[in-house]
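Here is a friendly briefing to read beside your structure. Please keep the viewer open as you go through the points.

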Amino acid sequence: HPPPARRGVMSTDELPRAQPPPPAAGAAEPDAAHGYEAVAPHWFYRKATDSRERWVPFSAQDSERLEEAHGSGRDKDDLVVPTSGGRYDVHLKKRQRVAVYWEEEVSEVRRCTWFYKGDKDNKYIPYSETFSEELEEAYMIAVTLDEWKQKLESPSREIIILHNPKLMVHYHPVASSDDWASTPTEQGRPRTVKRGVENIAAEIPSGEPLQIDHLVFVVHGIGPACDIRFRSIVQCVNDFRNVSLSMLQAHFKKAQEQQQIGRVEFLPVNWHSSLHSTGVDVDLERITLPSINRLRHFINDTILDVFFYNSPTYCQTIVDTVASEMNRLYQLFLQRNPLFKGGVSIAGHSLGSLILFDLLTNQKADPEEDEHSEEGSRMTSSNRGIEDLKEILKKLELSEYCDAFEKEKMDRQALFLCTEKNLKEMGIPLGPRMKILHYISSKTGMQVSTELVAPAQGLSHETRLNLPLSQVSANYPQLNYKPTIFFAFGSPIGMFLTVRGVKRIDPNYSLPTCKGFFNIFHPFDPVAYRIEPMIVPDVEFEPMLLPHHKGRKRMHLGKGLPLSPSPGQLLRPQPDADPSCLSELKEGLTRMSVDLKNNLLGSLRVAWQSFTRAPLPAVEAASTDAEAEAEDGVEKQPDTKPDETPAAVKEEAVLINVGRLNGGNRIDYVLQEKPIESFNEYLFALQGHLCYWESEDTVLLVLKEIYQTQGITLDQPLPGSH
């Protein structure tokens, strides 16, 4: 920790002689030969991770805005400066960084000019603002008068010596048996002191584009942790957003240069904490056995979320939380971005995708809204023209019940919101109730028949007709917007629909308020299931192969190999594989061997971490020089045809009618596994379910589909992309 500032020391604002001029951005290292130059400050915030604290620099863009606000003198008031793309506010007077859209511990903010090297990880730590001013005052005097060897003593009896502009050291106090020692000594190991952020090799991002083109809400799956490193949904979505920024620069450079696009904002939606704050954890604690304590608590905190969602009571809590949180975030986002004119999409991982699917299937499309496309009907709206309630009842040969509906002041819109319970309370007999519910179902695009969707025998009529794709009879809230696209990552939707008794999805069915639906999965993901075979059950066809973000095809080592293949079998690439994947494989093997050698007892966890440093299929982002050279070598080969679509992809490109669920386009997309993952698909199954957050291929598909709705395409089409 930096030594506390000396009490009673006047700030530089009160010392006219020491008052430096406004600093210029990127000021050079001062030199006695050139006179004194004011230090260029940079703003940092303190971040606590894994019981460790570190100081993180704001982006150059945010630091400049903070410095501008500070220089205006307005920080005397409680001035608030938005940072990190508007996701965090900095309260300048309090020097605090506060999360806007989610709950997070407040971080300390500091205007930094002087730094010293810490003991543990050799990271530079900023001195307090007051003590930095004191150091700058002494430095200015030393440069101006050319008098060095200046000593400063901190209140904690630490000595800082300014030997010359290039050499400044900080001596940590040495414990002495003489508690009455009055003179601090220059003993102990000296720490390096640096002036100015440009001298500490800090990685300072330039900042995010200010323009936001599209908003995406991301809903997590079971448990509070979202990846193999046990990180929260906020941290994982941060990774997803960062990858999206790099993909925009790599694949939408032309549109960025022409200022056609800015960026896509991704915001996390957390429902786990609300569910487990209902008191259910206390009830579970009473009945949980004391043996294998950690495993049981892990199950209570994660896997039980699936059972909670199948409970009518807790399902209602979950869907209410997800819908209300997305509506709250949407309203808050619009308040903070009043000029935003873009669309909204939603994405869900694992169980989160099922929650979103159930919400979307139960959204109410406006009955009067004609959603027929130019080429076909989506069967989610009524015919042209207006039928009033009496005409509907007459059509159903139920005119005798008009009085009952008029008594309850029911109109056409209210009729479409009715459930079997409502009709029963109105005194409508069972037969007429079924006719009315069937009519409502057919007009909202969820028509059920024994041929198209066959529900399980034991389900009630209300479940079969009103909620044919949902398991429990929850009251599904309505969203305040119509999502453009729904992305499902590692989704069990297909499995849950099958368990609910749904044998087939009507090819004419589409989500009432959402036109797009993409089901994206890793081939080894044990939780993921396909959707398309439920729409086209009579035809066998492969999912779409997700294009590699660098336009090449990975080497699939595991195809057709025995469970325990020999090294020769493993290292025999497919004919259509990219040769540079061999170096990618070598890198993965090297990582694992080093990790296993360094820590045999903890090898499994460490080895896992070695792969999560660059999860599938993001290994290229952290590729070694050797791999880069290998890739360059492949590109230089004269017989290589980068524009040629691999044979496997050509096979996938056969046109197949998969219905209207994704507007007539393909729904299922499979990622390409890394070479190392092909050694044993069981070993990498868990990683396969948690790989999406840092997957460039996944992020690129999301960006491609979002910007395609705005008429903006990739700079260069990827092989195999539709």
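In this predicted model, helix α9 (residues 312-336) packs against helix α10 (residues 351-361) at an angle of about 80°, and their axes are 10 Å apart. The two helices are therefore roughly perpendicular to each other, a label used for angles of 65 to 115 degrees, while under 35 counts as roughly parallel, over 145 as roughly antiparallel and the rest as oblique. Axes here are lines fitted to C-alpha atoms, for helices over the stretch in contact, and angles run from 0 to 180 degrees between N-to-C directions. Helices (H or I, at least four residues) and strands (E, at least two) are DSSP runs, numbered from the N terminus.

**The α9 and α10 packing**

- From α9, the residues Ile 318, Val 319, Val 322, Ala 323 and Met 326 meet Ile 355, Leu 356 and Leu 359 of α10, where contact means heavy atoms within 4.5 Å.
- Sorted by class, this contact has 8 nonpolar, no polar and no charged residues; Ala, Val, Leu, Ile, Met, Phe, Trp, Tyr, Cys and Pro count as nonpolar, Asp, Glu, Lys and Arg as charged, and the others, Gly among them, as polar.
- An α-helix has 3.6 residues a turn, so residues three or four places apart point the same way.
- Helix α10 is mostly covered, with 11 of its 11 residues buried; buried means under 20% relative accessible area, exposed over 50%, and partly exposed in between (1.4 Å probe, protein chains only).
- The buried residues of α10 include Asp 358, Ser 353 and Thr 361, as well as Phe 357 and Leu 360.

**The six-stranded sheet**

- An open sheet of 6 strands runs in the order β2-β1-β6-β5-β4-β3, with antiparallel pairing; two strands pair if DSSP finds at least two bridges between them.
- At its edges are β2 (52-57) and β3 (80-83), each of which pairs on one side only.
- On average, and ignoring direction, neighbouring strands of this sheet are turned by 30° against each other.
- Helix α1 (residues 60-71) lies across β1 (42-49), β3, β4 (88-91) and β6, and runs at about 170° to β3.

**Strand pairs and hairpins**

- Strands β3 and β4 pair in the antiparallel sense over 4 bridges, and Thr 83 has Tyr 88 in β4 as its bridge partner.
- These two strands, β3 and β4, form a hairpin with 4 residues between them, and Ser 84 in the turn has a positive phi of about 50°.
- Strands β4 and β5 are likewise antiparallel, with 4 bridges; here Asp 89 is bridged to Val 98 in β5.
- The hairpin of β4 and β5 also has 4 residues between its strands, and Arg 95 in the turn has a positive phi of about 55°.
- Strand β5 (residues 96-99) pairs with strand β6 (residues 107-112) in the antiparallel sense over 2 bridges, and Arg 97 has Ser 107 of β6 as its bridge partner.
- In a regular strand the side chains alternate between the two faces of the sheet.
- In β4, Tyr 88 and Val 90 point one way, Asp 89 and His 91 point the other way, and all are buried.

- Where is Trp 102? Trp 102 lies in the loop between β5 and β6.
- Trp 102 is buried, with a relative accessible area of 11%.
- Trp 102 touches Arg 87, Tyr 88, Val 234, Arg 241, Leu 267 and Pro 268, leaving aside residues up to four places away in sequence.
- Trp 102 and Val 269 are 167 residues apart in sequence, yet 8.4 Å apart in space, C-alpha to C-alpha.
- His 251 belongs to helix α3 (residues 233-251), and at 12% relative accessibility His 251 counts as buried.
- Beyond residues up to four places away in sequence, His 251 touches His 549, Leu 700, Leu 714, Asp 715 and Leu 718.

**The chain as a whole**

- The chain has 25 helices and 19 strands, and buried residues make up 50% of its 722 residues.
- Among contacts between residues at least 6 apart in sequence, 71% join residues at least 24 apart.

**Confidence and ground rules**

- The mean pLDDT (the predictor's confidence in each residue, from 0 to 100) is 74 for the chain, and 65% of the residues reach 70 or more.
- Over residues 1-33 the pLDDT is below 50, and this stretch has 64 contacts in the model beyond near neighbours in sequence.
- Residues 368-387 also stay under 50 in pLDDT, and the model has 46 contacts for them beyond four places in sequence.
- Residues are numbered from 1 along each chain as its sequence is written, and side-chain values use heavy atoms, with hydrogens and water left out.
- As this is a predicted model, local features need pLDDT of at least 70 and side-chain atom pairs count only at pLDDT 80 or more, while totals for chains, interfaces and linings use all residues.
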